[in-house]
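Subject: Model handover

Hello,

Here is the structure for you to look over. My notes follow below it.

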Amino acid sequence: MAIDTSNFKNGLTIEYNKAIWRILSFQHVKPGKGGAFVRSKLKNLRTGAVNEITFRAGERMEAADITTRPMQYLYANGDSYVFMDVETYDQVEIPGDKIKDSLKFLLENMQVKVTSYKDEILDVELPATVELTVTDTQPSIKGATVNGGGKPATMETGLVITVPDFVNAGDKLVVNTSDGGSYKERA
């Protein structure tokens with residue numbers, strides 16, 4: 001389906017220059033001299049790169065038909081990761097380099113959303129927070145408070161985050177996925 005710049009809205013996906021882009025933000029600009037244009041910030045869904053691109057007002061492009069399906073992470077198979085569609089029970093293998101940012105939060109049987117374009121997997125969308133167990137950290141300090149400086153802790157997936165001084169190995173923690181992994185609270 002062809003659309004033009006007047007149809008832009010945040011979150012819309014388009015095909016432009018042989019790439020799939022998600023519109024993060026845009027601004028219609030009408031200068032005193034010359035034609036109007038649209039300044040936009042787009043994220044390439046294949047590479048993850050964010051670019052600023054300027055379009056002429058009324059410029060046409062194709063809308064990208066992106067599908068998002070609920071899936072369950074099953075297991076690692078070498079350098080690939082196997083996911084199962086929770087509605088059809090179809091299994092799909094996704095190469096690790098496609099989802100490298102998500103791997104530090106994935107646990108077996110976790111529910112995620114897999115975004116694809118035609119038959120190409122673009123992204124794995126994680127829940128906002130995940131519960132992970134601390135596997136290694138320094139012993140807790142007596143009398144430590146939540147507002148202390150913190151210490152590094154290694155989680156069961158290999159993720160290293162900064163946690164308060166009172167956290168011990170074996171504790172279950174709620175970790176934010178949206179900011180790359182930060183401590184939220186004890187589970």
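The largest pocket has a volume of about 750 Å³. This is a predicted model, where local features need pLDDT of at least 70, side-chain atom pairs count only at pLDDT 80 or more, and totals for chains, interfaces and linings use all residues. Residues are numbered from 1 along each chain as its sequence is written, and side-chain values use heavy atoms, with hydrogens and water left out.

A pocket here is an open set of points on a 1 Å grid over the protein atoms alone, with protein on both sides within 12 Å along at least five of seven lines; a cavity is a set where a 1.4 Å probe fits but cannot get out. Lining residues have an atom within 4 Å of a point. Grid points are joined across faces, edges and corners, and the volume is the space filled by probe spheres set on the points.

The largest pocket is lined by 27 residues. Closest to its centre are K43, D101, S102, D123 and V124. Which strand gives the most to the lining? It is β11, with 5 residues. Strands β3 (19-29), β4 (37-44) and β11 (120-125) each supply at least two. Strands are DSSP runs (E, at least two residues; helices are H or I, at least four), numbered from the N terminus. By class, the lining has 9 nonpolar, 8 polar and 10 charged residues. Nonpolar covers Ala, Val, Leu, Ile, Met, Phe, Trp, Tyr, Cys and Pro; charged covers Asp, Glu, Lys and Arg; the others, Gly among them, are polar.

Now the salt bridges. The whole structure has 5, each a side-chain nitrogen of Lys or Arg within 4 Å of a carboxyl oxygen of Asp or Glu. E120 forms one with R46, with the closest N and O atoms 2.9 Å apart. That pair links distant parts of the chain: E120 is in strand β11 and R46 in the loop between β4 and β5 (50-56), 74 residues apart. E120 also bridges to K98, at 3.7 Å between the closest N and O atoms. K98 sits in the loop between β9 (91-95) and β10 (111-117), 22 residues from E120. Shared partners join R46, K98 and E120 into one network.

How accessible are these residues? E120 is partly exposed at 24% relative accessibility, R46 at 36% and K98 at 35%. The cut-offs are under 20% relative accessible area for buried, over 50% for exposed, and partly exposed in between (1.4 Å probe, protein chains only).

D4 forms a salt bridge with R60, the closest N and O atoms being 3.7 Å apart. D4 is in strand β1 (residues 2-4) and R60 in strand β6 (residues 60-63), 56 residues apart. D4 is buried at 17%, whereas R60 is exposed at 55%.

Last, a sheet. It is open, has 5 strands in the order β14-β13-β12-β15-β16, and pairs antiparallel. Two strands pair if DSSP finds at least two bridges between them. The edge strands, β14 (160-163) and β16 (182-186), each pair on one side only. Strands β12 (residues 129-137) and β13 (residues 151-155) pair over 3 bridges.

Best wishes
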